[in-house]
Amino acid sequence: MIRNTTKRQKMGWVLFILYLCLLAYFMFFSESFGRTDTDRGYQYNLVPFKEITRYFRHYDVLGPTLFMINMIGNVAAFMPFGFFLPIISRRSKKWYNTVMFGFVFSLMLETLQLVFKVGSFDVDDMFLNTLGAAAGFYIHGAAHYIRILIRYRRWKQ
């Protein structure tokens, strides 16, 4: 069966590709995130919730800026992934597929960081990224529900 791509899907693809380019820039090339600094030793974390616990335990030392960049930033960075995937992919209309794709994509990016020694491989980042993909899916669902309600109210009038 051949399906026509809707305008909404086409726009979703454009925005999704722009999002991926922006994400790649910040993860691999951004000087403001220290991605071009090759002098420091490479770090990685394979212990689940180690860094998350550290950020909460030492919030007063690390400060709100670093906390927001790492904790909230990792979640927010993957919200567009969870939002746009159900628009561009029929398989991603189910929450568990979107969450699984979000995890696999995050694992791929973290592995690339490990291989190229850019940023740091962190299992906690994968958890936070996956949480962001799930939140994005939830926001997409809420937006879709609101869109249906608006359409129904217009039809009813």
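Me: Does K117 count as buried or exposed?

Reply: Relative accessibility is the value to consult. K117 has 58%, and because exposed means over 50%, K117 counts as exposed. Please keep in mind that this is a predicted model. K117 belongs to the loop between α4 and β2.

Me: Where is F49 placed, and what is its relative accessibility?

Reply: F49 sits in the loop between β1 and α2. With a relative accessibility of 41%, F49 counts as partly exposed.

Me: Why are W13 and F16 separated by about one helical turn?

Reply: An α-helix has 3.6 residues a turn, so residues three or four places apart point the same way. W13 and F16 lie 3 residues apart in helix α1, and therefore about one helical turn separates them. W13 is partly exposed at 40% relative accessibility, whereas F16 is buried at 7%.

Me: Why is the pair of F81 and F105 called stacked?

Reply: The angle decides the matter, because planes under 30 degrees apart count as stacked. The planes of F81 and F105 meet at 15 degrees, with ring centres 5.1 Å apart, so this pair is stacked. The pair links distant parts of the chain, with F81 in helix α3 and F105 in helix α4, 24 residues apart. F81 is buried at 5% relative accessibility, and F105 is buried at 17%. Ring pairs also join F81 and F105 with W13, F16, Y19 and F78 into a cluster.

Me: Which residues of the largest nonpolar core touch the most other members?

Reply: That core has 15 residues, and those touching the most other members are F16, Y19, L23, F78, F81, F105 and L109. Two or more residues are contributed by each of α1, α3 and α4. The largest share, 6 residues, comes from α3. As a particular case, F16 touches F81, F84, L85 and I88, with residues up to four places away in sequence not counted. A second, separate core has 6 residues, including Y55, M71, V75 and L128.

Me: How many residues does α5 have, and what does the helix reach from its first C-alpha to its last?

Reply: The end-to-end reach of a helix may be set against the span expected at 1.5 Å a residue. Helix α5, residues 123-156, has 34 residues and reaches 50 Å, close to the expected 50 Å.

Me: What covers the buried residues of α5?

Reply: The cover includes α1, β1, α2, α3, α4 and β2. Among the buried residues of α5 are V123, M126, L128, T130, F137 and H140. T130 has a relative accessibility of 13% and counts as buried. Its neighbours within four places in sequence aside, T130 is in contact with V99, G102 and F103.

Me: What does the side chain of Q9 reach?

Reply: The side chain of Q9 reaches the backbone nitrogen of T6 at 2.9 Å. Q9 lies in helix α1 and is buried, with a relative accessible area of 13%.

Note on methods. Residues are numbered from 1 along each chain as its sequence is written. This is a predicted model: local features need pLDDT of at least 70, side-chain atom pairs count only at pLDDT 80 or more; totals for chains, interfaces and linings use all residues. Side-chain values use heavy atoms; hydrogens and water are left out. Helices (H or I, at least four residues) and strands (E, at least two) are DSSP runs, numbered from the N terminus. The expected span of a helix is 1.5 Å times one less than its number of residues. Buried means under 20% relative accessible area, exposed over 50%, partly exposed in between (1.4 Å probe, protein chains only). Contact means heavy atoms within 4.5 Å. A polar contact is a pair of N or O atoms within 3.5 Å; within protein, one must be able to donate a hydrogen and the other to accept it, and residues adjacent in sequence count only if both atoms are side-chain atoms. A nonpolar core is a set of buried Ala, Val, Leu, Ile, Met, Phe, Trp, Tyr and Cys residues joined through side-chain atoms within 4.5 Å. Rings of Phe, Tyr and Trp (its six-membered ring) pair if their centres lie within 6.5 Å; planes under 30 degrees apart count as stacked, over 60 as edge-to-face and the rest as tilted.
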